[in-house]
Amino acid sequence: MNSVGDECLELKKAYEECFNKWFSEKFLKGQTEDTCAPMFRVYQDCVKKAVKERKLDLWELEKSVLGTEKEKKVPDGSEK
């Protein structure tokens with residue numbers, strides 16, 4: 001799956017590669033220090049910026065689909 005913004009795609013690929021290597025070569029062998037965390041924060045900042053620039057409503061991701069779950073409350077107290 002691509003990232004929310006094309007400008008974040010290379011960061012996403014690099015983080016996923018780092019994470020997969022860390023998970024298989026270190027985490028599963030008991031080394032739990034996440035050496036990819038700094039890379040994740042850079043990618044996360046890029047995604048947040050892209051979401052903001054595109055004026056995407058993240059609450060839309062929380063909406064019930066075909067009645068599969070209860071409606072969620074948003075910060076202003078209303079339901080979506």
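**Aromatic pairs and salt bridges**

Phe 19 is partly exposed, at a relative accessible area of 29%. The model described here is predicted. Phe 27 counts as partly exposed at 33%.

The structure contains seven aromatic pairs. One of them joins Phe 19 and Phe 23: the ring centres are 5.8 Å apart and the planes meet at 20°, so the pair is stacked. One aromatic cluster is formed by Tyr 15, Phe 19, Trp 22, Phe 23, Phe 27 and Phe 40.

Three salt bridges were counted. Arg 54 pairs with Glu 7, with the closest N and O atoms 3.3 Å apart. Arg 54 follows helix H2 (37–53) and Glu 7 precedes H1, so the bridge ties together parts that are 47 residues apart in sequence. Arg 54 is partly exposed at 39%, and Glu 7 is partly exposed at 43%.

Within helix H1, Glu 16 and Lys 12 are four residues apart, about one helical turn. Their side chains form a salt bridge with an N to O distance of 2.5 Å. Glu 16 is partly exposed at 36%, whereas Lys 12 is buried at 11%.

Helix H2 holds Glu 53 and Lys 49, also four residues apart. Their salt bridge spans 3.9 Å, N to O. Glu 53 is partly exposed at 48%. Lys 49 is exposed at 53%, because the cut-off for exposed is over 50%.

Methods: Residues numbered from 1 in each chain as written. Predicted model: local features only at pLDDT ≥ 70, side-chain atom pairs only at ≥ 80, totals over all residues. Heavy atoms only, no water. Phe/Tyr/Trp six-rings, centres within 6.5 Å; stacked < 30°, edge-to-face > 60°. Buried < 20%, exposed > 50% of the residue type's maximum accessible area, 1.4 Å probe, protein only. Salt bridge = Lys/Arg side-chain N within 4 Å of Asp/Glu carboxyl O. Helix = DSSP H or I, 4+ residues; strand = E, 2+ residues; numbered from the N terminus.
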